[in-house]
Amino acid sequence: MLKELSLQLEGEKVQSLEELKQQHLVEMDNLKKKLRSEADVEIKKAVAEAETRALERISKIKLDHDAEIAGYKAQITAEHCVTEKVRLELEKETHARVAAEERVVEVKNEFRYFINTLPGHENSCYDADYMLTR
């Protein structure tokens, strides 16, 4: 009987050890799942923070870039205004020069007409073309 009791006790020990082992395995699996979920949460949080910082840096760079472009556009506009003023002045000068050349031609023609309408201009030693060249 003692042997039977000792075998029974040994069996109960083994069974209780197996039950404890199973409980520990279940608890260990639960802890591993919890750690994985906490690690996932931490990873997601770190990724979100990194994305936020990257977005802030990109936004700052874009704002700086936009400000620089605006400065260049302002310079281009100023240069365009100066160029437009110079172009208008050149057009005025060209127009004035053309008008003056046309007026010179008109005056020469009027002078030629005046000389040719004088009485006795045929006998004169000065003809209109000679006088114009003088």
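Glu 110 and Arg 103 pair up through their side chains in a salt bridge, at 4.0 Å from N to O; the term covers a side-chain nitrogen of Lys or Arg within 4 Å of a carboxyl oxygen of Asp or Glu. Glu 110 is partly exposed at 47% relative accessible area, and Arg 103 is partly exposed at 43% (buried is under 20%, exposed over 50%, partly exposed in between, with a 1.4 Å probe and protein chains only). The model is a predicted one, where local features need pLDDT of at least 70 and side-chain atom pairs count only at pLDDT 80 or more, while totals for chains, interfaces and linings use all residues. Residues are numbered from 1 along each chain as its sequence is written, and side-chain values use heavy atoms, leaving out hydrogens and water.

By this salt-bridge rule, the count is six. Arg 87 bridges to Glu 91, with the closest N and O atoms 2.3 Å apart. Both sit in helix 1, four residues apart, or about one turn of the helix; helices are DSSP runs of H or I of at least four residues, strands are E runs of at least two, and numbering goes from the N terminus. Glu 84 joins Arg 87 and Glu 91 in a network of salt bridges. Lys 62 and Asp 66 also meet in a salt bridge, at 2.9 Å from N to O. These two are about one helical turn from each other, because Lys 62 and Asp 66 are four residues apart in helix 1.

As for the overall picture, the protein has two helices and zero strands, and buried residues make up 1% of its 134 residues.
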